[in-house]
Amino acid sequence: MNATNTTELMHTLGQQAKVASALMAKASASTKLAALRGLAALLRANVDALQVDNAKDLERARANGLSEPMVDRLKLTPKVIETCAQGCEQLAAMPDIIGDITGMKQMPSGIRVGQMRVPIGVFGMVYESRPNVTIEAASLSIKSGNAAILRGGSEAIESNRALSRLVQRALTDAGLPADAVQLVPTTDRAAVGQLITMPQYVDVIIPRGGKGLIERISAEAKVPVIKHLDGNCHTYVDDPCDIAMAVKVADNAKTQKYSPCNATESLLVARGVAADFLPKIGAIYADKGVEMRVCAASRELLAGLKGAKLKDATEADWSEEYLAPVISIKVVEGVDEAIAHINHYSSHHTDAILTIDHVHAQRFLREVDSASVMVNASTRFADGFEFGLGAEIGISTDKFHARGPVGVEGLTSLKYVVLGEGEVRG
């Protein structure tokens, strides 16, 4: 597709999304519920057909030499499809927040002032690999009363097209516009450049993928971007703490799964508990093949461990997102140094304190400048589903609008509403 055709295509998608967004904004809760339940039913009824289309993507990916872990992320197994269907049903069961008015106050002038929850309008989403994101984005778009333009990765184009057809069928079956969720039909990279520079049609862009993709979109977009670049998450083991609990949580936070952005990448340990805690967690990491990038004090306490992979930490390690069986470990004097270290090196995604000191816990919650801050829990909980959002469209480390896991509320805005009885300003 040449540049002129791509530009025309994206402007057409933008115009159609804008028209559809007005219809979605006024759709009733029951209509949106019908669309979500209809989509869940269609997914379950089309498992075999979806796998046929998915097989084309898998075959092409392997022929192009894509690594097996990446191929695995492309798979639309019956289990993945069922999870997508359940996600639609969970969203359908949640209260509809569109149109809710909160904070209504009577003013001395006689007017009453409050805020109403409204859709953002049109969001564009650019994502890689996992075709199930098509359903996550579409279902959140429907629930939040928005229109969406989705641009999945070229490696999943057949799967995404098949899923998109089901989404549009569910929309039209419920009496909603098919253009409320549109998939960019071309794999031309120029389409992304167009999508992120159309503020006349698109209200916000959400990139979901590797750091390179997000950096490019953040740099080139002429539309607000909801994003996070890195997931350098910390777990701080405080003095005092419950050592057994701290070992269990620090293990889960790092090793439950290495690749997500909410896995702990840096372990900070208060000097007062380091001699007791570090050999215990170190033995678990050694057993699981986790390489430990250590400061001098932690090396001293871990040096005798059988099978431990120890490497001296460099300055770069304190801010690194490994997404692998590697963790940086530093002994700190206490909560003051831990908070200062986290605020300096963290990516402001998710950070946790493991402690039995209430004052330390409250200070950590107040002073650590991250999108999610936790006490005595694994950083792996930083997830829209785990937070009760029904689904998430991504994680935001920005401070304006949405922060943390972005669910339905993160795809809405507030407008002031004023109710009067003929009042005029004096």
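View 1. R60 is partly exposed, its relative accessible area being 30%, in a structure that is a predicted model. The side chain of R60 meets that of D57 in a salt bridge, with a distance of 2.8 Å from N to O.

**View 2. The salt bridge between E333 and R271.** The side chains of E333 and R271 come together in a salt bridge with an N to O distance of 2.7 Å. Because E333 sits in the loop between β11 (326-332) and α13 (335-345), whereas R271 sits in helix α11 (residues 271-287), the pair ties together parts that are 62 residues apart in sequence. E333 is exposed, with a relative accessible area of 53%, while R271 is partly exposed, with a value of 42%.

**View 3. The salt bridge between D369 and K399.** D369 and K399 form a salt bridge in which the closest N and O atoms are 2.9 Å apart. The pair links distant parts of the chain, 30 residues apart, with D369 in the loop between α14 (358-367) and β13 (372-375) and K399 in the loop between β14 (395-396) and β15 (404-405). D369 counts as partly exposed at 26% relative accessibility, and K399 is exposed, with a relative accessible area of 55%.

**View 4. A salt-bridge network of R44, E82 and E89.** Salt bridges link R44, E82 and E89 in a network. In total, the structure holds 25 salt bridges.

**View 5. The open sheet of β1, β2 and β16.** Three strands make up this open sheet, in the order β1-β2-β16 and with antiparallel pairing. β1 (101-106) and β16 (412-419) stand at the edges and have a single partner strand each, so one side of each is left without a neighbour in the sheet. On average, and with direction ignored, neighbouring strands of this sheet are turned by 20° against each other. β1 pairs with strand β2 (residues 112-119) in the antiparallel sense over 4 bridges, and the bridge partner of I101 in β2 is M116.

**View 6. A nonpolar surface patch of I101, M104 and L419.** Together, I101, M104 and L419 form a nonpolar patch on the surface with about 230 Å² of accessible area. M104 lies in strand β1 and counts as partly exposed, at 32% relative accessibility.

Definitions and conventions:
Residues numbered from 1 in each chain as written. Predicted model: local features only at pLDDT ≥ 70, side-chain atom pairs only at ≥ 80, totals over all residues. Heavy atoms only, no water. Pairing = 2+ DSSP bridges. Helix = DSSP H or I, 4+ residues; strand = E, 2+ residues; numbered from the N terminus. Axes fitted to C-alpha atoms, helices over the stretch in contact; angles between N-to-C directions. Patch = residues over 30% accessible without salt bridge, like charges linked within 9 Å, V, L, I, M, F, W, Y side chains within 5 Å. Areas by Shrake-Rupley, 256 points an atom, 1.4 Å probe, with all protein chains shown as cover. Salt bridge = Lys/Arg side-chain N within 4 Å of Asp/Glu carboxyl O. Buried < 20%, exposed > 50% of the residue type's maximum accessible area, 1.4 Å probe, protein only.
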